[in-house]
Each structure stands twice: as C-alpha cells, then as structure tokens.
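Reader: I would like to go through the terms used for this model and see what each one rests on. Please start with the ligand and then move to the strands.

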Amino acid sequence: MAAALTNSFSLLRCSCVIGSLAATKRPLPPLSFSLFRAPPVSIQSKRCTRLISASIDEEASARAAAASVDSGGPTIFDKIIAKEIPSTIVYEDEKVLAFRDINPQAPVHVVLIPKLRDGLTQLGKAEPRHSVILGHLLYTAKVVAEKEGILDGFRVVINNGPGGCQSVYHLHLHILGGRQMKWPPG
Ligand code: AMP
C-alpha cells in the first residue's frame, strides 16, 4: 500500500515537474512529451495538485471509515460536554453545545452537538421525537454562523456512517466558513 502510494506520488510528481518545465517555455525532452502529452501548463499544474491531495484524502477517508463503527457507546463529545477535556466553546444553551473543531477544515470550523444524545449517534438514527432537537440544531447553526461572521457564505455538513466518513458517533453538525467553498464536496 505504502509502496503503491509512493509510486503514485512519484508519477504525479513526475508529471508536475514536466508541467513546470513547460511553464518555463523551454522545450521538453521528446520522450517525456510523448509519454505525458502535457496540456497547457496552468491546467496540468492545477490537476497535479488536485490529484495529489485527492490521493491523500481518499487514503485517510478509507482508513477512518473502516475504523469507525456505531457502537452506541460514549464518545469524546461526552467528555467535552462534561468539560472533562478542554475545548473552545463558541456557543452553549441548555440543549446544544458548539465548539471549535480540533482539526479545522476551514478558517471557521465549529462542531455543533446536542447535549443529550438520546439515540442520535448519527442522523440516520433519527426518529419523529428528534424533530425538535434537529430543528434547534439547524437554527443554532445559523446563530453560530452569525456569531462567527460568516453568515454571507458558510456550509453545514453532517457526515453519516462509515460511507459518509463519520468518525464520532454522537450526532454533530460541522459549520464551515471563512473561505470559498467548492462543489462537489468529495
Ligand atoms: P466526523 O468525522 O464527521 O465524525 O467529525 C468529528 C469531528 O470531531 C472531526 O472533525 C474531529 O476533528 C472533531 N473532533 C474530534 N475530537 C475533538 C476534540 N477533542 N475537540 C474538538 N473537535 C474534535
């Protein structure tokens, strides 16, 4: 696996180098040119960056998804709610808690959770009785976005289950902003 990853990195790097050589407008060696048929440099360089980061993300996501299952047991978020471990809380009321993600994916990345899990390990476990807390979470996402100054452009994400790359089985909303979001999200 590591070898395969290294190999794909080398190949990608290789084509990036060719792209950057072309950027200098120096003629490419004939063999490299016929192997890669490099498109105009700016396109090729952008594609390299995207392919390399996609490889890393897919590896990490696959590992995380395989390691994460919904056991129904306590999670790290219980410790955050109980204030047994530190977190940077940005909003709190009697029903929900919002804190900064430890591994932010955007300049603003807040995790919003219900204090009482009540079976909501994931959105896929929602039942009619959960509609009030689900509505409150969504409204609070807007309140947090406003407090964080990202109301003009933000994203709310709920990862559900291994296929959705969920890693903590206590329902939570990711509130992301402070940069231009892209679509599709991957
Ligand atoms: P998910 O992968 O959708 O289940 O999201 C779980 C999120 O919780 C990830 O973005 C983690 O970075 C975040 N997280 C895990 N532990 C902590 C922690 N101690 N403090 C803040 N965020 C955390």
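Author: The model is predicted. In it, a nitrogen atom of the ligand is 3.1 Å from a polar backbone atom of Ile-102.

Reader: How much of the ligand does the protein cover?

Author: On its own the ligand has 500 Å² of accessible area, and the protein covers 84% of that.

Reader: Which elements give two or more residues to the shell around the ligand?

Author: These are helix 4 (76–81) and strand 2 (96–100). Helix 4 gives the largest share, three residues.

Reader: Which residues come nearest to the ligand, and how does the shell divide by type?

Author: Among the 15 residues around the ligand, the nearest are Asp-101, Asn-159, Ser-167, His-172 and His-174. By type, the shell has seven nonpolar, six polar and two charged residues.

Reader: Why is strand 2 called largely enclosed?

Author: A residue is buried if its relative accessible area is under 20%. Four of the five residues of strand 2 are buried, so the rest of the structure largely encloses this strand.

Reader: How do you know that strand 2 pairs with strand 1 and with strand 3?

Author: Pairing takes at least two bridges. Strand 1 (residues 89–92) and strand 2 share three bridges, and strand 2 and strand 3 (residues 108–114) share five. A hairpin of three residues joins strand 1 to strand 2.

Reader: What makes strand 1 and strand 4 edge strands?

Author: The open sheet has five strands in the order 1-2-3-5-4, with antiparallel pairing. Strand 1 and strand 4 (154–157) each pair on one side only. From one strand to the next, the twist averages 20°.

Reader: Which bridges place strand 5 beside strand 3?

Author: Strand 3 and strand 5 (residues 173–177) run antiparallel and are joined by five bridges. In one of the pairings, His-109 has Leu-176 of strand 5 as its bridge partner.

Methods. Residues numbered from 1 in each chain as written. Predicted model: local features only at pLDDT ≥ 70, side-chain atom pairs only at ≥ 80, totals over all residues. Heavy atoms only, no water. Near = heavy atom within 4 Å. Polar contact = N/O pair within 3.5 Å; in protein donor to acceptor, adjacent residues only side chain to side chain. Areas by Shrake-Rupley, 256 points an atom, 1.4 Å probe, with all protein chains shown as cover. Nonpolar A, V, L, I, M, F, W, Y, C, P; charged D, E, K, R; others polar. Buried < 20%, exposed > 50% of the residue type's maximum accessible area, 1.4 Å probe, protein only. Axes fitted to C-alpha atoms, helices over the stretch in contact; angles between N-to-C directions.
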